[in-house]
Amino acid sequence: VAVPHEGVVNRLAWMQGEFGLGASDRVLQKTPFGFDVSVWEFFWPLVEGAVLVVARPGGHRDPAYLAGLVQAQGVTVVHFVPSMLQIFLREPAAASCGGLRAVFCSGEALSAELRDQFLGVLDVPLHNLYGPTEASVDVTAWSCAAGEGPVVPIGRPVWNTRVFVLDAMLQPVPVGSVGELYLAGVQLARGYLGRADLSAERFVACPFGARGERMYRTGDVVRWRADGSLEYLSRADD
């Protein structure tokens, strides 16, 4: 996926604007560099003058090691895919990671059960992020609260990003109705390198923007909630 520099910069600028890293922060880099989450783990602290704490190779799979590293290095910001967060919370030492000030989840659907389990173990803000590599990693975000409902929303768009919930005729659907999620804005990738056919299939003309503007067809089925946030339901090809 050919991701533009401005897309990554926008993604990092939004994260800094929302969560404000400072010189006293220490961000844990544990995602293998072949995965898109590693982009912000590497560059967000380096751009903002925070400390980058690098986990040992394979350490992202070891909850006891991670809990010990968070405590020993004074880590304040960390990311988990939900399945690994669930394993991490089973580690007794996880409850002692109270020095964290933000935990981010993405890569899989975050269940309400896991949200409440996390907030019962750690008094730390939990943020649910959503987005494909084709749109510079993350395009929506939601800050969680315990017991706020049976479904964790994927949230609202990040800066300079537009999201559309459309039917099969590319028409917007009403609040509460099911549709496919399309993305537009500065974070869109240029396409798939060397795959013009696949790029044309997934990156389509945007009927809601300027001439030549594109939008990305995610294949994700979602709906708008009354509060203006998005709720993920399933894949269109399930």
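Modeller: Happy to, and please keep in mind that this is a predicted model.

Biologist: Let's begin with the overall layout. How far apart do the C-alpha centres of domain 1 and domain 2 lie?

Modeller: The chain is divided into domain 1, residues 5–157, and domain 2, residues 161–235. Taking the C-alpha centres of domain 1 and domain 2, the separation is 25 Å.

Biologist: And what area is buried between domain 1 and domain 2?

Modeller: On the contact side, 19 residues of domain 1 meet 21 residues of domain 2. The count of salt bridges between the two domains is 0. Carbon and sulfur atoms give 59% of the area buried there, which is about 1,700 Å².

Biologist: Now for the rings. Which kind of aromatic pair do Trp14 and Phe19 form?

Modeller: The structure holds 9 aromatic pairs. In the one formed by Trp14 and Phe19, the centres are 5.7 Å apart and the planes make an angle of 90 degrees. An angle over 60 degrees counts as edge-to-face, so the pair of Trp14 and Phe19 is edge-to-face.

Biologist: Is Trp14 buried or exposed?

Modeller: The cut-off for buried is under 20% relative accessible area. Trp14 has 4% relative accessibility, so Trp14 counts as buried.

Biologist: What about Phe203 and Tyr216: which kind of pair do their rings make?

Modeller: Phe203 is in strand β10 (residues 203–205) and Tyr216 in strand β11 (residues 214–224), 13 residues apart. Both Phe203 and Tyr216 are buried. Their ring centres are 5.0 Å apart and their planes stand at 40 degrees, so the pair is tilted.

Biologist: Which residue lies over the face of Trp142?

Modeller: There are charges placed over rings here, and one of them is Arg56, over the face of Tyr65 at 3.9 Å from the ring centre. For Trp142, the distance to the ring centre is 5.4 Å, and the residue over the face is Arg225.

Biologist: I'm curious about Gln187. Is it buried or exposed?

Modeller: Gln187 sits in the loop between β9 (179–185) and α6 (196–202). Leaving aside neighbours within four places in sequence, Gln187 is in contact with several residues, including Pro4, Arg11, Glu134, Ser136 and Trp159. The relative accessible area of Gln187 is 1%, so Gln187 is buried.

Biologist: Ser136 came up among those contacts. What is its phi near?

Modeller: Ser136 is found in the loop between β5 (126–130) and β6 (140–143). Ser136 is buried, with a relative accessible area of 1%. Its phi is a positive value in a residue other than glycine, near 55 degrees.

Biologist: Leu170 also has a positive phi. Is Leu170 buried, partly exposed or exposed?

Modeller: Leu170 is in the loop between β8 (161–166) and β9, and its phi is near 60 degrees. Its relative accessible area of 27% falls between the cut-offs of 20% and 50%, so Leu170 is partly exposed.

Biologist: Where is Val103 placed?

Modeller: Val103 counts as buried, at 1% relative accessibility. Not counting residues up to four places away in sequence, Val103 touches Val78, Phe80, Phe118, Val124, Pro125, Leu126 and His127. The place of Val103 is in strand β4.

Biologist: Finally, the charges. Which residue forms a salt bridge with Glu148?

Modeller: The model's salt bridges come to 12. Glu148 is in the loop between β6 and β7 (156–157), and its partner is in helix α5 (residues 112–121), 33 residues apart. The closest N and O atoms are 3.8 Å apart, and the partner is Arg115.

Biologist: Which residues are linked with Arg115 in a network of salt bridges?

Modeller: Arg115 counts as buried at 1% relative accessibility, whereas Glu148 is partly exposed at 32%. The network links Arg115 with Asp116 and Glu148.

Methods: Residues numbered from 1 in each chain as written. Predicted model: local features only at pLDDT ≥ 70, side-chain atom pairs only at ≥ 80, totals over all residues. Heavy atoms only, no water. Phe/Tyr/Trp six-rings, centres within 6.5 Å; stacked < 30°, edge-to-face > 60°. Buried < 20%, exposed > 50% of the residue type's maximum accessible area, 1.4 Å probe, protein only. Helix = DSSP H or I, 4+ residues; strand = E, 2+ residues; numbered from the N terminus. Lys NZ or Arg CZ within 6 Å of the ring centre and 35° of its normal. Domains from an automatic or database assignment. Contact = heavy atoms within 4.5 Å. Buried area = accessible area lost by both parts, 1.4 Å probe. Salt bridge = Lys/Arg side-chain N within 4 Å of Asp/Glu carboxyl O.
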